[in-house]
Amino acid sequence: MKLNIPLFCKHDYEFDSTIHGDMIIHMGYNRSIWKCSKCGKYTQRKAYINKDKQKDLLRLKKMKKLGLA
Ligand SMILES: [Zn+2]
């Protein structure tokens with residue numbers, strides 16, 4: 001069975017990082033970068049993720065990796 005075929009990936013985006021300063025404009029006014037945990041595709045979103053939310057999302061990501069979520 002083949003894994004990681006982007007063409008058929010349903011994408012499970014996880015928070016990757018926050019866009020700061022001038023980069024927001026360069027990125028088309030998006031505020032955060034998300035990465036698919038299955039195929040590695042990146043996407044940008046308008047949503048601003050504050051520090052607290054970041055912590056939650058990164059914790060969830062870690063738990064998922066460990067198979068706990
Ligand atoms: Zn994907």
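Guide: One term first: a residue is buried when its relative accessible area is under 20%, exposed when that area is over 50%, and partly exposed in between, using a 1.4 Å probe and protein chains only. The model is predicted, so to speak for local features a pLDDT of at least 70 is needed and side-chain atom pairs count only at pLDDT 80 or more, while totals for chains, interfaces and linings use all residues. Residues are numbered from 1 along each chain as its sequence is written, and side-chain values use heavy atoms, with hydrogens and water left out.

Visitor: Where does Q44 lie, and is it buried, exposed or partly exposed?

Guide: Q44 belongs to strand 3, residues 42-45; strands here are DSSP runs of E with at least two residues, helices are runs of H or I with at least four, and both are numbered from the N terminus. Because its relative accessibility is 36%, Q44 counts as partly exposed.

Visitor: Which residues does Q44 touch, not counting those up to four places away in sequence?

Guide: Contact means heavy atoms within 4.5 Å. With residues up to four places away set aside, Q44 touches M27, N30, S32 and I33.

Visitor: In what order do the helices and strands follow along the sequence?

Guide: The chain has 2 helices and 3 strands. Read along the sequence, their pattern is β-α-β-β-α.

Visitor: Which atoms coordinate the zinc ion?

Guide: Donors are N, O and S atoms within 2.8 Å of the metal, or 3.2 Å for Na, K and Ca; water is not among the atoms, so sites may look incomplete. At 2.1 to 2.5 Å, the zinc ion has these donors: C9 (SG), H11 (ND1), C36 (SG) and C39 (SG).

Visitor: What arrangement do the 4 donor atoms make around the zinc ion?

Guide: Four donors count as tetrahedral if all angles lie between 85 and 135 degrees; four are square planar and six octahedral if opposite donors are over 155 degrees apart and all others between 65 and 115, and anything else is irregular. Around the zinc ion the 4 donor atoms subtend angles of 103 to 114°, so the arrangement is tetrahedral.

Visitor: How far apart in sequence are the parts that H11 and C36 tie together?

Guide: Along the chain, the zinc donors have the spacing C-x1-H-x24-C-x2-C. H11 is in the segment before strand 1 (13-18) and C36 in strand 2 (residues 32-36), so the parts tied together by this pair have a sequence separation of 25 residues.

Visitor: How many disulfides does a search of the whole structure find?

Guide: A disulfide is a covalent bond between the sulfur atoms of two cysteines. The search takes a disulfide to be a pair of cysteine sulfur atoms within 2.5 Å. Over the whole structure, the number found is 0.

Visitor: What kind of pair do the rings of F15 and W34 form?

Guide: Rings of Phe, Tyr and Trp (its six-membered ring) pair if their centres lie within 6.5 Å; planes under 30 degrees apart count as stacked, over 60 as edge-to-face and the rest as tilted. The structure holds 1 aromatic pair. The ring centres of F15 and W34 are 5.7 Å apart and the planes meet at 80°, so the pair is edge-to-face.

Visitor: Which strands do F15 and W34 come from?

Guide: Both residues are buried: F15 and W34. Their pair links distant parts of the chain, 19 residues apart, with F15 in strand 1 and W34 in strand 2.

Visitor: Which residue has its charged end over the ring of W34?

Guide: A charge sits over a ring if NZ of Lys or CZ of Arg is within 6 Å of the ring centre and within 35 degrees of the ring normal. At 4.3 Å from the centre of the W34 ring, the charged end belongs to R45.

Visitor: Which residues is E14 in contact with, leaving aside neighbours within four places in sequence?

Guide: E14 is in strand 1. Its relative accessible area is 13%, so E14 is buried. Beyond its sequence neighbours, E14 is in contact with I33, W34, K35, S37, K61 and K64.
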